[in-house]
Amino acid sequence: MVHWREESRSEADGRVDWTRITRLLAAGSFLTVLATLVSSVVLAGTIGVDFGVFQLGGELAADGAWSELYNGDTFSSRFQAELFPSLAEEATLNTFISTPSFGLAVQPLAWLPFSVALVMWTLLTIGICAACVRVLGLSRAWALGLVLSPALAVNLAIGQSAALFILLMVSVHLAFRSGRGFVAGIGLGLLFALKPPLAVGYALLWLVSLRRSARSVAGALVGAGLAIVPTLLNGTGAWSSFLDATRSRVAIESSWQLNGVSLPEALKLLNPEADTWFTLAAWTVSLVVGGALLATAYRRWSRDPELLSGSAVLVTVLVSPHLAVYDTALLIIPLSVLWRRGLSLDRVAVLVAIHGATLAFGRAIFDAQFDLLGRGMSVEFLGYATSLVLVYRWRNEDVSLALVGGSTINEASDNGDVGVVAA
């Protein structure tokens, strides 16, 4: 294992106390998000609204009613009538847009009454987050911070599934870190079949290192097969309906600018009311940017799987289409990599402060821009870009991210300290 040395006490003297500032920002962020959730979720009577989509989706998937599951008007009418009668026009957005594989995975949610299932789902979310933080080698304070962060406070309020995908992504990361490429590939294949946008980073990494990642690709094919085959056994109708629903959803969301947290939505600053082609072009540009970033990472760290895996997760958050606020909790993985490599507490605090503050206040800033200009720039994405610049600068300052003895990562790898990616 390569270790980067810590800053000396003298180097830290006289610096801003970022740990204290982070605590204050974290408290302010949480209170801001809490106020928003109370006004827009609690008072509106939509606690667990996304969980309701999963539960009804699981029920329809269990019945094999795929055409009803992916018919937006039919699904939203039933959703409103059975679960959330207080919803009005916005109910049209509460449709099932996940894959048929995810629909089969959430079938058990339909076995229990809504309130009981939601409580169990919430407790499971908290438990998974705490477990993931611990297996990443972080403290209990990190677990508490993650659960109360702007990323997951929203998730808990609406009953989203971010924790399940954090668990899957952490499993993939740990498998990559230990050089078990085939196992990591199986996990990522499952991820691709359940929520494709979150598989973007690793898929791009494999494209730029195809020769070295053959085992991982093979594992991914196995994992995707395990998830897709159950629905294919009953015919391709489920996936055909899913693709039709996805095309419709992309067309709907292309007609206005969301407060997206990744590059594709930030690019819509150029044209907030674009046709579908513009959204697809933004996705393409974003994927090219992500591929370029991972190609650079691969050239520098081709024999350090932990850094490459952390980079793949980071790129997922940077460029993935249809990325929501709660999905940014995945950044706990690259943060854990930096922490393991000796990034000082103050500098970790800076990154956490940037991310937490932009998530907490980003929506208000975006709305203000939109009211004034008719379009807005996601400050969350600007926060990611700032964080990348800072980490790159710290790496080249030869201070807290300097390698012991001045050796490079590849030199350390040649000495057998780290494994070969996807070996």
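Predicted model: local features only at pLDDT ≥ 70, side-chain atom pairs only at ≥ 80, totals over all residues.
Local features need pLDDT of at least 70 and side-chain atom pairs count only at pLDDT 80 or more, while totals for chains, interfaces and linings use all residues. Residues are numbered from 1 along each chain as its sequence is written, and side-chain values use heavy atoms, with hydrogens and water left out.

The largest nonpolar core has 102 residues. A nonpolar core is a set of buried Ala, Val, Leu, Ile, Met, Phe, Trp, Tyr and Cys residues joined through side-chain atoms within 4.5 Å; buried means under 20% relative accessible area, exposed over 50%, and partly exposed in between (1.4 Å probe, protein chains only). F75, M169, L191, Y202 and Y384 touch the most other members. Helix α10 gives the most to this core, with ten residues. Helices (H or I, at least four residues) and strands (E, at least two) are DSSP runs, numbered from the N terminus.

Leaving out residues up to four places away in sequence, M169 touches L191, L198, Y202, V313, T316, L330 and I333; contact means heavy atoms within 4.5 Å. H173 lies in α10, residues 162-177, and is buried because its relative accessible area is 0%. Beyond four places in sequence, its contacts include Y202, E306 and I333.

V41 sits in helix α2, residues 18-42, and is buried at 7%. Its C-alpha is 7.6 Å from that of I158, although 117 residues separate V41 and I158 in sequence.

H322 is in the loop between α17 (305-319) and α18 (332-340). H322 has a positive phi of about 55 degrees although it is not a glycine, and counts as partly exposed because its relative accessible area is 42%.
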